[in-house]
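Thanks for coming, everyone. Please bring up the structure, and I will walk you through it.

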Amino acid sequence: MAAAEVKTADGLGTRERLVRTASRLLQHGGYENTPVKQLVREAEATLGSLYHFFPGGKQELAVAAIHFGDEEFAEALRFGLSAHADPARAVEAVTELLAEALEASDWRDGCPVTTTALESVGRLPELQAACAQAFANWQELVAAKLLACGHPEAEARELAVTVINTLEGAEMTSQVTRSRTPLLLAGRHLSRLVSSYAPYAPYATGTAPGRSD
């Protein structure tokens with residue numbers, strides 16, 4: 001037990017190192033391209049410690065890693081969405097933040113779940129469910145911003161799905177092209193889309209023109 005819980009110089013315990021390492025490797029290569037031996041080696045752990053913390057082995061660890069990536073991406077969303085009271089400008093700020101982080105990672109650190117999500121469909125139901133929950137969580141964050149700014153619930157939730165779907169595609173395209181442009185263009189047009197619904201928000205004075213609800 002004591003050996004399994006040993007901490008390294010970075011202060012992280014074995015379980016946390018396994019989860020963080022798995023999250024990074026899944027983000028870069030997906031589930032099938034992440035060998036257990038590589039995962040354990042890069043986490044400075046042992047096979048015994050992996051099965052100590054994750055009796056279900058690689059798949060159980062992968063689910064924990066997806067949850068970690070989910071929260072990591074959610075933090076970026078929260079930060080970007082809180083940058084502006086105007087939800088349209090806030091959505092654009094998110095894309096600017098993602099573009100900056102992606103470029104800083106040399107175009108490697110895109111969405112933390114996309115690669116695993118695609119290969120888990122119809123094959124690995126626990127992983128697929130964890131990925132689906134991540135997307136739902138991110139949509140909820142965007143919807144909460146829109147709801148707080150006066151959008152009707154149905155409208156806010158539909159817009160939130162559109163925002164997250166667009167961000168996913170734009171981030172992947174930015175990775176492939178090694179360019180911020182797809183993300184920045186997505187942000188510009190998502191901002192226009194959100195603005196076109198003319199929310200009567202707490203940050204504004206009065207009701208937006210053309211809205212009687």
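A word on sources. This is a predicted model, where local features need pLDDT of at least 70, side-chain atom pairs count only at pLDDT 80 or more, and totals for chains, interfaces and linings use all residues. Residues are numbered from 1 along each chain as its sequence is written, and side-chain values use heavy atoms, with hydrogens and water left out.

Start with the fold. The chain has nine helices and zero strands. Helices here are DSSP runs of H or I with at least four residues, strands are E runs of at least two, and numbering starts at the N terminus. Along the sequence the pattern reads α-α-α-α-α-α-α-α-α. There are 213 residues in the chain, and 46% of them are buried. Buried means under 20% relative accessible area, exposed means over 50%, and partly exposed lies in between, with a 1.4 Å probe and protein chains only.

Next, the open space. The largest pocket holds about 330 Å³. It has 17 lining residues, and those closest to its centre are Gln-27, Glu-72, Asp-109, Gly-110 and Pro-112. Which of them gives the most to the lining of the largest pocket? That is α4, with five residues. By class, the pocket lining has eight nonpolar, four polar and five charged residues.

Some terms. On a 1 Å grid over the protein atoms alone, a cavity is a set of points where a 1.4 Å probe fits but cannot get out; a pocket is an open set with protein on both sides within 12 Å along at least five of seven lines; lining residues have an atom within 4 Å of a point. Points are joined across faces, edges and corners, and the volume is the space filled by probe spheres set on them. Nonpolar covers Ala, Val, Leu, Ile, Met, Phe, Trp, Tyr, Cys and Pro; charged covers Asp, Glu, Lys and Arg; the others, Gly among them, are polar.

The largest cavity holds about 30 Å³. Its lining is Ala-22, Leu-26, Tyr-31, Leu-39, Lys-58, Leu-61 and Ala-62. The largest share comes from α4, with three residues. Six of the lining residues are nonpolar, none is polar and one is charged.

On to the cysteines. Cys-111 is buried, at 7% relative accessibility. Cys-131 is buried too, at 1%.

Thr-114 sits in α6 (residues 114-120). Thr-114 is partly exposed, at 21%. From Thr-114 to Ile-66 is 48 residues in sequence, but 9.9 Å in space, C-alpha to C-alpha.

Then α9, residues 181-196. Its 16 residues should span 22 Å at 1.5 Å a residue, and its end C-alpha atoms are 22 Å apart, which agrees. The expected span is 1.5 Å times one less than the number of residues. Buried in α9 are Pro-182, Leu-183, Ala-186, Gly-187, Leu-190, Ser-191 and Val-194. They lie on the same side of α9, because they cover an arc of only 165° around the axis. That arc is taken from the directions from the helix axis to the C-beta atoms. On the other side of α9, Arg-192 and Ser-196 are exposed.
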